Amino acid sequence: SVTVPATPAVTGFTWSLNGNTITSNTTTIVGPWMANNNGSIKYIAAYNSASCGMVYDTATVVVNIPCGDTIMAPFFDGFEVGNTYSACWSQEQVTGTKSWTFGNGSSGGSVLSAKTGSLNARFTSSFGGPHVTHLISPFIDASGLTVSQLSFAYAQEVWFGDQNFLNVYYRDSANGAWNVVFSDSTNKAAWTDVIVSVPSSSSTL
């Protein structure tokens with residue numbers, strides 16, 4: 001939600017997007033009052049209109065954030081092509097040489113399409129396992145949150161007796177220990193929604 005001040009305290013600004021002035025009214029105020037979402041920031045402008053009184057408008061501006069920078073919560077990523085943060089995930093091979101890939105659903109079985117959109121992260125069964133690889137998000141600054149939660153959807157269908165398993169971890173610093181917040185080693189032949197609490201509001205989550 002957007003919180004708008006009842007009486008604008010700052011005046012004299014114009015609001016422009018890509019160099020084009022949206023309004024030149026001298027009572028326009030501007031502020032990036034909404035959190036970033038998939039690399040975009042929503043700006044809100046308020047200005048006086050003779051016919052409509054105080055008018056509020058918004059525009060979403062895409063900004064390029066380097067992968068090394070910490071991202072302010074809330075953080076969203078659907079792994080779609082063009083998402084600002086999708087390229088910022090890293091991988092750590094713990095056992096074996098298998099890597100996460102991005103595709104539409106799994107490579108076979110019942111889950112043949114993404115939960116939403118057209119892509120998802122996937123780690124499918126492979127010959128020569130077991131393979132264990134961490135898919136690691138960019139750093140997230142959760143210091144502004146009262147409660148930290150993680151929501152996601154997953155599927156892991158049994159494949160001729162072979163069963164993948166999922167562990168979800170968090171750490172609160174670059175060199176901190178990984179802590180498990182979710183684990184499942186059972187058959188899930190359809191997308192399953194999960195919300196888990198993360199017991200940390202670190203600025204480097």
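The side chains of Asp 184 and Lys 188 come together in a salt bridge, with N and O 3.0 Å apart; the term covers a side-chain nitrogen of Lys or Arg within 4 Å of a carboxyl oxygen of Asp or Glu. This is a predicted model, so local features need pLDDT of at least 70 and side-chain atom pairs count only at pLDDT 80 or more, while totals for chains, interfaces and linings use all residues. Residues are numbered from 1 along each chain as its sequence is written, and side-chain values use heavy atoms, leaving out hydrogens and water. The chain has 0 helices and 15 strands, where helices (H or I, at least four residues) and strands (E, at least two) are DSSP runs numbered from the N terminus.

**The chain as a whole**

- Of its 205 residues, 30% count as buried; buried means under 20% relative accessible area, exposed means over 50%, and partly exposed lies in between (1.4 Å probe, protein chains only).
- The accessible surface of the chain is about 12,200 Å², and carbon and sulfur atoms account for 53% of that; such areas come from the Shrake-Rupley method with a 1.4 Å probe, and for residues only the protein chains shown count as cover.
- Contact here means heavy atoms within 4.5 Å, and among contacts between residues at least 6 apart in sequence, 53% join residues at least 24 apart.

**Salt bridges**

- How many salt bridges does the structure hold? There are 2.
- One of them joins Asp 193 to Lys 115, with the closest N and O atoms 3.4 Å apart.
- Asp 193 is exposed at 56% relative accessible area, and Lys 115 counts as partly exposed at 40%.

**Around Asp 184**

- Asp 184 belongs to strand S14 and is buried, with a relative accessible area of 9%.
- Lys 188, its salt-bridge partner, is partly exposed at 22%.
- The side chain of Asp 184 also meets that of Tyr 154 in a polar contact of 2.5 Å. A polar contact is a pair of N or O atoms within 3.5 Å; within protein, one must be able to donate a hydrogen and the other to accept it, and residues adjacent in sequence count only if both atoms are side-chain atoms.
- Leaving aside neighbours within four places in sequence, Asp 184 is in contact with Tyr 154, Gln 156, Phe 165 and Leu 166.

**Aromatic pairs**

- A search of the whole structure turns up 9 aromatic pairs. Rings of Phe, Tyr and Trp (its six-membered ring) pair if their centres lie within 6.5 Å; planes under 30 degrees apart count as stacked, over 60 as edge-to-face and the rest as tilted.
- Why is the pair of Phe 79 and Trp 89 called tilted? The ring centres of Phe 79 and Trp 89 are 5.2 Å apart and their planes stand at 55°, so the pair is tilted.
- Both residues lie in the loop between strand S6 (71-72) and strand S7 (90-95), so the pair ties together parts that are 10 residues apart in sequence.
- Phe 79 counts as buried at 16% relative accessibility, whereas Trp 89 is partly exposed at 21%.
- Tyr 154 and Phe 182 form an edge-to-face pair, 5.6 Å centre to centre with 70° between the planes.
- That pair links distant parts of the chain, with Tyr 154 in strand S12 (residues 148-156) and Phe 182 in strand S14 (residues 179-184), 28 residues apart.
- Tyr 154 is buried at 7% relative accessibility, and Phe 182 is buried at 15%.
- Phe 75, Phe 79, Trp 89 and Phe 102 form one aromatic cluster.

**Nonpolar cores**

- The largest nonpolar core has 7 residues: Phe 152, Tyr 154, Leu 166, Val 168, Phe 182, Val 194 and Val 196. Such a core is a set of buried Ala, Val, Leu, Ile, Met, Phe, Trp, Tyr and Cys residues joined through side-chain atoms within 4.5 Å.
- S12, strand S13 (166-170) and S15 each supply at least two residues of this core.
- Another core, of 5 residues, lies apart from it and includes Ala 73, Phe 75, Tyr 85 and Ile 140.

**Around Ser 202**

- Ser 202 is found in the segment after S15 and counts as buried at 13% relative accessibility.
- Its side chain reaches the backbone oxygen of Asp 172 at 3.0 Å.
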